Amino acid sequence: MAPPFSDTRWDTFGLLKEAYLALDQRFAEVTERIVPVDRSVVDLLVRLARSPQQRARPTDLARGLSMVPSHITRCLEEAERRGLIERCAHPSDGRSTLIVLALAGEELLSCLLYTSPSPRDRTRSRMPSSA
C-alpha cells in the first residue's frame, strides 16, 4: 500500500494553498496601510467590482466570498454605513435585493489600486540606476 499522501496532487494543492495564503497576507498588509476599512469589506468591494454591472445579490456575494450569512450581513452593514455600497430592488425579482458598488466604493478601490506599487514598479525600484 502506498504511503498516505504520496499522491503528487497533494503537493500541488499544498503549494497553491501556500501561495494563496502568502499573497492574501501581503494584500492584507498593503490594504491596512492604504485604506481604513475592514479587510472583509475590501474583499466584498473587490467581488462587487468584478460582478456584472458592479451589482450582486447578497447570497451570491456570500457564496463567492465563502462567508456565512451573519458575516456577510455585518460586512454589508459596515459598507453601507460608510457609503461604499447601496441597496436597490432586484429588477426582475421583487423579493430580492441587489447590492451595488457606490461611487465611494469605486474610489476606495481606485485608491488601493493606484497607491500600491505594481510588481513592475517594485522590480524597477530595486534595479541600480544608470548614472
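How are α1 and α2 oriented to each other? α1 and α2 are roughly perpendicular to each other, a label for angles of 65 to 115 degrees, where under 35 counts as roughly parallel, over 145 as roughly antiparallel and the rest as oblique.

The model is predicted, with local features needing pLDDT of at least 70, side-chain atom pairs counting only at pLDDT 80 or more, and totals for chains, interfaces and linings using all residues. Residues are numbered from 1 along each chain as its sequence is written, and side-chain values use heavy atoms, with hydrogens and water left out.

**Helix packing**

Helices (H or I, at least four residues) and strands (E, at least two) are DSSP runs numbered from the N terminus. Axes are lines fitted to C-alpha atoms, for helices over the stretch in contact, and angles run from 0 to 180 degrees between N-to-C directions.

| Pair | Angle | Axis distance |
|---|---|---|
| α1 and α2 | about 105° | 11 Å |
| α2 and α3 | about 110° | 10 Å |
| α2 and α4 | roughly 85° | within 9 Å |

Contact means heavy atoms within 4.5 Å. Between α1 and α2, Asp24, Phe27, Ala28 and Thr31 of α1 meet Arg39, Val42 and Asp43 of α2. This contact has three nonpolar, one polar and three charged residues. In these classes, Ala, Val, Leu, Ile, Met, Phe, Trp, Tyr, Cys and Pro are nonpolar, Asp, Glu, Lys and Arg are charged, and the others, Gly among them, are polar.

Helix α2 covers residues 39–50 and helix α3 residues 58–65. On the α2 side the contact is made by Asp43, Leu44, Arg47 and Leu48, and on the α3 side by Leu61, Gly64 and Leu65. Four of these residues are nonpolar, one is polar and two are charged.

Helix α4 spans residues 69–81, and α2 and α4 are also roughly perpendicular to each other. Here Ser40, Val41 and Leu44 of α2 meet His71, Ile72, Cys75, Leu76, Glu78 and Ala79 of α4. By class, six are nonpolar, two polar and one charged.

**A pocket**

The second largest pocket is lined by 14 residues, and Tyr20, Asp24, Asp43, Val46 and Leu65 lie nearest its centre. On a 1 Å grid over the protein atoms alone, a pocket is an open set of points where a 1.4 Å probe fits, with protein on both sides within 12 Å along at least five of seven lines; lining residues have an atom within 4 Å of a point. α1 (8–34), α2 and α3 each give two or more residues to this lining, and α2 gives the most, with five. The lining divides into six nonpolar, four polar and four charged residues.
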